[in-house]
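These are my notebook entries on one structure. I wrote down what I looked up, in the order in which I looked.

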Amino acid sequence: MSPEVLLRAVDVVKHFPVQSSQLRRSREVVHAVDGVSLEIRQGETVGLVGETGCGKSTLARCMARLQDLTSGTIEFEGEDISRRKPRQLGRIRRDMQMIFQDPYGSLNPKRRVGAIIGDPFAIHDIADGKERKRRVQEMMELVGLNPEHYNRFPAEFSGGQRQRIGVARALALKPKLVICDEPVSALDVSIRAQVLNLLVDLQKQLSLTYVFISHDLSVVRHVSDRLLLMYLGKVVESGQSRDLYAHPRHPYANALLSAVPLPDPRKAAEREKIVLAGDVPSPIRPPVACRFHPRCPKAQPRCAEVEPLLEPRLGDPVDHVTACHFPVADGESLRSAQSSLPDDLRVIEPEPTPETVDVVGSVGSSEEADKS
Amino acid sequence: MTNPGALPTSEVLGEAIGDEAVAHVIEGRSTWQLAWARFRKDRIAMVSAGVIVLVVLVAIFAPVFASLTGHGVNEQFRQTGLNAYGLPEPPSGRFLLGSDDLGRDILVRIAYGARISLFVGVVATLLTVAIGAVLGLMAGYFGGIVDSVIARLVDLVLSLPFLLFAISLVSVTQPGLTIVIVVIGVFGWAAVARIVRGQVLSIREKEYIEAARSLGASAWRIMFVDILPNVLTQLIVYTTLLIPITIVLEATLSYLGLGIPPPTADWGQMIAESQNLYQQAWWFLVFPSAALLITTLAFNLLGDGIRDALDPGLARL
């Protein structure tokens, strides 16, 4: 732990009340984030991965203090910011910035690009008049926009350019930590690489620290040093990216990695595809103990009784931790694994109809699909 | 490009270049420029705008009417303006639009009355819109208790009978210009607030509002810098449509004797004074009414035109 810890989250919990009617609030809550702890060190890129609804965006919004926490603490440079009111955040609002997912929604359509990128300067009273314009145009150049487009409206730019505007706004004040909330998932595949490379280049230039949120493992792999894999509001596995990709321990991690498209069709055909049963359960009443047990091919009765801790498993390095009682060993096949849970505790896939067997079930046909 | 088939290609190419040039011109235009281009094509709106400019000029140069005719606005011409029975004189070379029951020149009084109507119309409307916009922004953005309080206040104001309230308010104060404006403002804001609140509710969920919050923008900055520009078109349209309503309200109050006290020239008051005499002196009723009608109609049509120009997608109400 040589580099300085920039942000530390301890046991962050965020529950949203479920509103059943206008008048009454039911006691049920959505367990969006349920006890997540993490550390982000100076200069690294931490990838936050998980499928839609697993709480990664909520966690990011809690870290940026756009949302109040239900419990837990968030420290930024050693200061607890989790209970501060928005007005008391001051300096932290400069040092921590966000890049948003939707380049169409995150720019005010009625304001000019110069005003949008100039916002951070205006809000923190740093530069105005000609000086502000100069610095805004500097930022525009930095992110690869034409500074002469200062007076244009967001509608006059393409998706990729708009995301560059968002990047320029986030980086205008030279923040220490940038939280990127799916910054490329709304973009064309052809433009993704451009924006990703821009982010990586800027990180080197400005020595930034990134939290990189994505549901796309191939994107995260490209940029992050460390990975946190979330499932239903909890971290199920985390570690150095290289480590985690090489030795995924959690059955969920294995399933996700097996779904990443491979460019080589032969390798893709050889690879074992793990198809999980069912859908993500409701975060209103998440499964007890290990939240993955109803869908897990390796589940045992213990998984529904004792919550597994995040620990190094199977001789992994200390920073590669997995919350699983029965981690997957290297080379272990999950296809033959059979959950030993009683039927009422797990998701049972309905008997596959003949067509679905053809598509999902056999390796041969998936090979064909990959080749076509 | 050597075979004959190349000819159409080069034509197409030329067209493409032409299109690009056109596209370049369009690109440089702002929302307002586009709206102005649409507005200019709307003949009714342009005529209405012309009529309003005329009314404004009449109001500004009201003293010119007085000096040209030689009739002061409150001067009573008992010799020339009234006939032997003490009745008003019909329109003639001396009194272009006739005279009223006290022998005053109706043309001059209409010109001066335009000042009151326009002044109240514009000032009271701006007051109404300003109060409504601020409260609507607050209700929509803050939500919670602020929203509940403002929403109940809106319900309360909208359920009060306007005229009864105006009568009782004027009876405790003195009738006058200020009280007319205040009464209209106090009653009008609720509708504006409701419209603005609805808009804000949808806008505040946008990601760019969250972006502004993550930059550390204060609530007021978000409301006025980020949200207000997005409700401005609706606000402008509503303002132009509210002006004629306000002018009619002012005339109504003056007609009932709750507005501008005599002898100040005012359209509503003139219509009220003509009540007993209109069978003998039609011009006394017709000309002030026509002035009111033409002005409000022009503002309404202008408002429609502005709405169509600013928001082409919006359906006609």
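I looked up what stands opposite A:Leu177 in β7(A), and found A:Met96. Helices (H or I, at least four residues) and strands (E, at least two) are DSSP runs, numbered from the N terminus. The model is predicted, so I note its limits: local features need pLDDT of at least 70, side-chain atom pairs count only at pLDDT 80 or more, and totals for chains, interfaces and linings use all residues. Residues are numbered from 1 along each chain as its sequence is written, while chains are lettered from A and ligands numbered from 1 in the order in which they are written.

I then checked the pairing of β7(A); two strands pair if DSSP finds at least two bridges between them. Strand β6 (residues 96–99) of chain A pairs with β7(A) in the parallel sense over four bridges. Strand β8 (residues 209–214) of chain A also runs parallel to β7(A), joined by five bridges. In that pair I found A:Cys180 opposite A:Phe212 in β8(A).

Is β7(A) enclosed or open? Five of the five residues of β7 (residues 177–181) of chain A are buried, so the strand is largely enclosed by the rest of the structure. I looked at the directions too: A:Leu177, A:Ile179 and A:Asp181 point one way, and A:Val178 and A:Cys180 the other way.

A nonpolar core is a set of buried Ala, Val, Leu, Ile, Met, Phe, Trp, Tyr and Cys residues joined through C-beta atoms within 7 Å. The largest one has 158 residues, and A:Ala168, A:Ile179 and A:Val211 have the most contacts inside it. Helix α5 (residues 106–142) of chain B gives the most to this core, 18 residues. Domain 1 (5–224) and domain 2 (257–371) of chain A both give residues, so the core lies between them. The domain bounds come from an automatic or database domain assignment.

Not counting residues up to four places away in sequence, A:Val211 touches A:Leu177, A:Ile179 and A:Cys180, among others.

The centres of domain 1 and domain 2 of chain A, taken over C-alpha atoms, are 32 Å apart. Their contact takes nine residues from domain 1 and six residues from domain 2. On the domain 1 side, β2(A) has the largest share, four residues.

The contact takes 16 residues from chain B and 20 residues from chain A. On the chain B side, α9(B) gives the largest share, seven residues. I also looked at α3 (residues 113–123) of chain A, whose buried residues include A:Ile116 and A:Phe121. Part of what covers the buried residues of α3(A) is α9 of chain B.

pLDDT is the predictor's confidence in each residue, from 0 to 100. Chain B averages 82, and 89% of the residues score at least 70. Over residues 1–27 of chain B the pLDDT is below 50. The model scores ipTM 0.79 and pTM 0.77.

How values were computed: Contact = placed C-beta atoms within 7 Å. Buried ≥ 20, exposed ≤ 12 C-beta atoms within 10 Å, placed from the backbone.
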